[in-house]
Amino acid sequence: MSTAMAIESSATAQSVLHPAGPDASIIADFAWVLFIGGAVIFAGVMALMVIAARRRPEPVNPRRWIVGAGFAFPVVVLSILLVWSTWRSAELTPQTSKGAFTVGVTAKMWWWEVRYHDPASGREITSANEIRIPVGRPVYLGLTSSDVIHSLWIPALNGKMDTVPGRVTGLTIQADKPGVYRAQCAEYCGEQHARMALHVVAMAPDAFDRWLANEARPAATTAGAPDEQLLERGRAAFLAQRCQACHTVRGVGGESGNGNVRLGPDLTHVGSRLHIAAGTLRNHRGALAGWVADPQSIKPGARMPAAADLDGETLHALAAYLEHLK
């Protein structure tokens, strides 16, 4: 089993009821208390309804019901919930970058740019639509947006936090065990809001260090690969189609090809990601070919033109080259 397949096999449901970190566990406690409390109150109301329907009308003192059920009961219940929720909320991790590994996340229509700091070179490492973190270590996500208000929600690791243009907000997450945790934009942001997902991949610390070191390297070369001719044809198609005008592949086409403005995701190591198109498709050669050929049929409104002029063999070669970038 490949590393990517092994990671993907550990994926968890996108649910607040499947916590995988300390803050998510606290939020899950809130959810269970509300579920159970609401169910008990609902059952009590239904029981009173049945009793009232089956018994003959009898004189009832309305003051007793107003004072008891309308005043005393909600005051007692809400006071208990207020004290308990205040105590539990105080245990949530402070949203601070102090002492935490920091990752920058910029929300865009409709994908996520992710930035790391390379401890060896001091340079910025850019990825997209996938955040990798070390297990057991707090990670501070510095969040912003380049266009409209979005909101990052990773229910298995923490609550949601808005991303606002021109501002930086923060969200601290921590994973207790390795796995893949799905995230979603939770603020309506346009036509493809529903297809603006992100995956958080929690890795063992030593595996994460190796992954980060590899991310800092330039794109994989085609030299010496078993299908070198196919990959070189795909690389040539990437340059001929001017893909580098919107996408960065470090070491291919020159670093100044798109300056500091990234219109599309960085593709330097796109082949190592679990998904493409912001969580819409599983990442494999066929999905890459379909996405390049006609992204609008998969994600209408996506800001990427179709490669309608590519013949089948060239499209296959380009997809093979992108899959090779690991």
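This is a predicted model: local features need pLDDT of at least 70, side-chain atom pairs count only at pLDDT 80 or more; totals for chains, interfaces and linings use all residues.
Start by selecting Asp294: its relative accessible area is 33%, which makes it partly exposed (between the cut-offs for buried, under 20%, and exposed, over 50%, with a 1.4 Å probe and protein chains only). Asp294 sits in the loop between α6 and α7 (295-298).

Residues are numbered from 1 along each chain as its sequence is written, and side-chain values use heavy atoms, leaving out hydrogens and water.

Next, pick His247, Gly264, Pro265, Trp291 and Met304, which lie nearest the centre of the largest pocket, among its 37 lining residues (a pocket is an open set of points on a 1 Å grid over the protein atoms alone, where a 1.4 Å probe fits, with protein on both sides within 12 Å along at least five of seven lines; lining residues have an atom within 4 Å of a point). Its space is about 790 Å³. Colour α6 (285-293), which gives the most to this lining, with three residues.

Finally, go to Asp266, in the loop between α5 (228-240) and β12. What does its side chain touch? It makes a polar contact with the side chain of Thr268 at 2.7 Å (N or O atoms within 3.5 Å, one able to donate a hydrogen and the other to accept it; residues adjacent in sequence count only if both atoms are side-chain atoms).

Note on methods:
Grid points are joined across faces, edges and corners, and a volume is the space filled by probe spheres set on the points. Helices (H or I, at least four residues) and strands (E, at least two) are DSSP runs, numbered from the N terminus.
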